[in-house]
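These entries record what I looked up, first at the interface of two chains and then at one residue.

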Amino acid sequence: MKKLAEQLCPGVQFMSMIEPKFKTSNLFIIMMLPAEPEKYAALSLAKNILLNSCAKYPSVSAMSEKMQDLYGASVSSSVGIIGNTWQVDFSASVISDRYALEGEKLCLETADLLLECLLHPNAENHAFNQTAFCTEQQEMLDNIESEINNKRSYAMKRAKEIIFQGEVNAYPIYGSREEVLALTPEQVYAAYQELLQKAQILIYYVGTEAVPELPEMFRKAFSGRTVQDLAFYAPSPCKSESAMIKEKLDVRQCQLIMAFKISETEQEVLRLCSLMFGGAPFSLLFSNVREKMSLCYYCSSMVLYGKNTMLVSSGVSPENIEKTRLAILDQLELLKTGQFDEKLLTDAKRYLINALRLSGDTPSSCITEEFECFIRKDHAGLEERIAICEKITKEDIIRTACALKQDSIYILEQEDNA
Amino acid sequence: MKKRIIETITAPGGGQNCQHIKHASGLDIYIMEMPDYHSAYALFGTKYGSVNTMFRLNGEEDFAQVPEGIAHFLEHKLFENEDCGTFEKYAATGAIANAYTSFDRTAYLFMCSENFAPSLEILLDFVQHPYFTQETVDKEQGIIAQEIRMNQDEPGWKLFFNSLKSMYHHHPVRIDIAGTEESISQINADLLYRCYHTFYNLHNMVLSIAGNVHTEEILEICDRLLIPAKDQKLEEVFPEEPYEVLQHECEAIAPVGVPMFSIDFKLKPKTGAEQLRAELLCQLVMDTLFSMSSPICQSWLEEGLINFSFGADAPFTGNGYFSVGVGGESRNPREVRERVFHVLQEAKKNGFDQKAFERTRRERYGTMIRSMNSVESNASMMLDCYMCKILPFSPIAVLSELTYEEAYQFLCEEIDIDNSVLSVVHAEGDSL
């Protein structure tokens, strides 16, 4: 793969990754600002309006028709928080020009369309179009209402409100129902204009061949900005006493979420520690809590980068909640006291290295890999990262496990009459 | 070297090809070499899913009837060996392994960036060497019971299965893939062995591999590890299924936000190439009429009748079943149904927008090309084609042949608004 990175102008970086094996051209524009929870609702609504219509294609059906003309190009957006940084990404994927049936320049056309959406939105008089605004506002309200449909992600969202109490990560990324209802087309437009002027921007292109026009297009589009410093690493302070929240819902299966925090750690060690604990099918949680004790179908752990937080989630029967909670703590104790085979560490390293090497095989994983390097301010190549992983010792794992403190427990229980 | 027939199958346009090998053991093997990729993805699948509940082998007098959910249970148990668990073996190669069971198939898979050969050896070994004891079967009941409960808390799952139960009178597609807590309690080691020896016969199975692999290396491993099987002339029975749906409406109450709905049309099932053509036509017709590029759907969106979750689902097909649905979220699902019926009736009477049809076809072509970007989707595509008894890449070739006239004929002859089900999941207290 041929990579080329350039600073287009202050606050705007562009990277192209040329990989002839792919069959698509992919563009990914990430805009980042310091996270301010009171702006989440407006910015989320703006990003929804932006990709469903624009000045040139001013209705959902006109925009959808254009996408179909581009051989079903997909254009999507998402929002998230990393550390104390809010980010929105706008991505587009289209088949490579060599597959176009009539010789169309699909990559350039798609880049044009994406920029049309971002720079010439469906707006007039400093406000988003009323119809587009109302449709998307209702959509967001529906999405907020439907968060409850997926019990696992609903439980995780509720758990984060406790785990990160008082931090920017505790707030719902789409804002609250009340905040969304209170928004006006003018406010949302103003929030978007601020994003356009102040965001740090990263642009990734992954395609089969270089498109020399792209850097200039993006330079023109995004020049003249004043950007702010961003914090991607913002460890979450551990509560002095572990918090426990229980909530009831009409469910067949209860959700148990436990959060553990660590004040300082090397990210690769924490990642490996979590993998050994509950991040793989050979981990302690999988082998013991699921396979040996048959307590659940899933019981797994993951690390939230930038927050020094490890989350464990499991779906269990009401009568097994306490037993599962204790079993999870027992597995962590095994790591803390070093009661595990060296083989577990070796297997976890192999698993992690395998996953790292897979990252060059899809356009999205190429972009994710580069973006992770950016937020870590770590431009070590793949082989260097593998070497770092190889050097991690059993003592490193024990030290990290010992430093993990329980912060919160969230339980979604069955209603009494369920 | 053992005798084998290797056939090369090339995608339209010549950009990609794969090898099909009929192995001496009875197994069909598909391999797509993708030398520029780092990874490899392998699937070892059998034509055995939740619908295969009644069967017999050549020479057996009676048909066996087995508990619901047994194919899925077997998938879980096959990961256990006499000496250690399969995941422990994979841990030594670094491969990411998993398995899935659907209505008509079970597949075991792994993905890796190194140690492909030992990972393939593990796959071929554990799938061919079952080890079930009553003790381990009992232990699995708790894990699968939790999986069943997890699915029951999933409103989309509830919506889908309620619809199937309303469409189908007798066909086992109406039963949950994982069965019920009651049905899995009837499963024992002997039953698992019986199902295993019936369906995990290499004549009923496929190995599909894509990525940075070498055909000769794979075939050497296959020659060494595949245990030749005798074709047992498996006979499966499906109860006779009427054309008509069982009931036209069903609803369930669950904690959901906006009510979820699905309007599903029961169609006449087909097989092989005929089914592929029907599926593509069905998808094109429904996407043309019910995508967001349709001004009618946009007007429904703007008046708040539907939201962006609305759209046509991919056709749902298999041995003896074929349906297609339009669904999403709405506070007035019955009104959506009336309007969907109206659109279909008008389209049958007056035809539909030919330009929109061509745009939808172009979109589908793009989707097919995009899916060839990854090793996983290529390996899955070859497995799907084997299961559907069609050649790899044939969907893309058939897509280019389809005409508006055929699509219109399909709509008029196959999609029947009187043979549909409205399935709704809503919260307690919601009035529909």
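I took buried area as the accessible area (1.4 Å probe) that two parts lose on being put together, summed over both. On that basis, chain B and chain A bury about 5,700 Å² between them, 53% of it on carbon and sulfur atoms. I noted that B:Asp153, B:Arg362 and B:Arg370 supply 13% of the area that chain B buries against chain A, more than any other three residues.

The model is predicted: local features need pLDDT of at least 70, side-chain atom pairs count only at pLDDT 80 or more, and totals for chains, interfaces and linings use all residues. Residues are numbered from 1 along each chain as its sequence is written, chains are lettered from A and ligands numbered from 1 in the order in which they are written, and side-chain values use heavy atoms, with hydrogens and water left out.

I next looked up contacts (heavy atoms within 4.5 Å). In chain B, 62 residues are in contact with 66 residues of chain A.

For salt bridges I required a side-chain nitrogen of Lys or Arg within 4 Å of a carboxyl oxygen of Asp or Glu. The rule finds eight across the interface of chain B and chain A. I looked up B:Arg359, whose side chain meets that of A:Glu65 in a salt bridge (3.4 Å, N to O).

I then turned to B:Met167. This residue is buried, with a relative accessible area of 1%, where buried means under 20% (1.4 Å probe, protein chains only). Leaving aside neighbours within four places in sequence, B:Met167 has contacts that include B:Glu241, B:Phe265 and B:Val421. The C-alpha atoms of B:Met167 and B:Phe357, 190 residues apart along the chain, are separated by 28 Å.

How values were computed:
Buried < 20%, exposed > 50% of the residue type's maximum accessible area, 1.4 Å probe, protein only.
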